[in-house]
Amino acid sequence: MLEGLLSKEECAGCRLCCSFESYDLLDTPTVTPDAAEKILKEHLPEQEFFGSGGSYIMKMKPEPDSDIHYCPLLDHRKGCVMGDAKPFECRIWPLRVMKRGNSLVIALSPLCPVISRKPAELIRQKCEELADAIFAEAKACPALVKPYTPGCAVLCEENLHRKDK
Ligand code: SF4
């Protein structure tokens, strides 16, 4: 959840980004080894993960008679149990860091129904504010970078962002 642009109340009333269908389970948030350890120690000792080489995704179960898989870290009353320590992709959602050609870009997911009601200028400003930190974190952990998905509006491109300075 992008703080300063989305409120806790708005996200609590939606939770679309904490639920997944079978076809997008591979797109669930990437969990670093430190975060996986924290999840096991402090929240879900039985949680299983897929992956290796320094990045994981969480195993999720579907709801009965449904293809909806809620993130196991979602408390349906209080929201994400990870608080400020939630995975990078969740902290910056609905921004996403992607690779387009040879460049990293920050794009806006078209799926968030709440952000679509915010002024475009505010979204761009927020993206500019966070760009350096987002690119730095993505470079430190390449598993956080997804291939560019057509349909996502690109708000910032790393190469151009640097030249602007
Ligand atoms: S880690 Fe938290 S914010 Fe991210 S999908 Fe799970 S419940 Fe939602």
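## Close-up views of the model

**Lining of the second largest pocket.** By class, five nonpolar, two polar and five charged residues make up the lining of the second largest pocket, where Ala, Val, Leu, Ile, Met, Phe, Trp, Tyr, Cys and Pro count as nonpolar, Asp, Glu, Lys and Arg as charged, and the others, Gly among them, as polar. The model is predicted, so that local features need pLDDT of at least 70 and side-chain atom pairs count only at pLDDT 80 or more, while totals for chains, interfaces and linings use all residues. Residues are numbered from 1 along each chain as its sequence is written, and side-chain values use heavy atoms, with hydrogens and water left out. The pocket has a volume of about 250 Å³, taken as the space filled by probe spheres set on grid points that are joined across faces, edges and corners. Its lining consists of E46, Q47, E48, K59, M60, K61, E63, Y70, C71, P72, L74 and H76. On a 1 Å grid over the protein atoms alone, a pocket is an open set of points with protein on both sides within 12 Å along at least five of seven lines, a cavity is a set where a 1.4 Å probe fits but cannot get out, and lining residues have an atom within 4 Å of a point.

Around the ligand stand C17, C18, P29, C71, L73, L74, C80, K86, P87 and C90, each with a heavy atom within 4 Å of it. This shell divides into nine nonpolar residues, no polar ones and one charged residue. P87, one of the shell residues, belongs to the loop between β6 (79–80) and α3, helices (H or I, at least four residues) and strands (E, at least two) being DSSP runs numbered from the N terminus. With a relative accessible area of 8%, P87 is buried; buried means under 20%, exposed over 50% and partly exposed in between, for a 1.4 Å probe and protein chains only. The C-alpha atoms of P87 and L6 are separated by 17 Å, and the two residues are 81 residues apart along the chain.

**The largest cavity and its lining.** One cavity of 30 Å³ or more is counted, and the volume of the largest cavity is about 30 Å³. The residues that line the largest cavity are E89, I92, L95, R96, V97, L144 and K146. Helix α3 and strand β7 are the elements that give two or more residues to this lining, and β7 gives the most, with three residues. By class, the lining has four nonpolar, no polar and three charged residues.

Strand β2 (residues 49–52) pairs with strand β3 (residues 55–58) in the antiparallel sense over four bridges, and strands count as paired if DSSP finds at least two bridges between them. Within this pairing, G51 has Y56 in β3 as its bridge partner. Two residues lie between the strands of the hairpin, and G53 in the turn has a positive phi of about 65°.

**The open sheet of four strands.** In this sheet the order is β9-β7-β8-β10, and the pairing is mixed. Strands β9 (146–147) and β10 are the edge strands, each pairing on one side only. Two bridges join β7 and β9 in the parallel sense, and K99 stands opposite P147 in β9.

The whole structure holds 10 salt bridges, each of them a side-chain nitrogen of Lys or Arg within 4 Å of a carboxyl oxygen of Asp or Glu. E137 is partly exposed at a relative accessible area of 31%, and R91 is partly exposed at 33%. Because R100 lies in strand β7 (residues 95–100) and E157 in strand β10 (residues 153–157), the pair ties together parts that are 57 residues apart in sequence. K139 counts as partly exposed at 45% relative accessibility, whereas E158 is buried at 7%.
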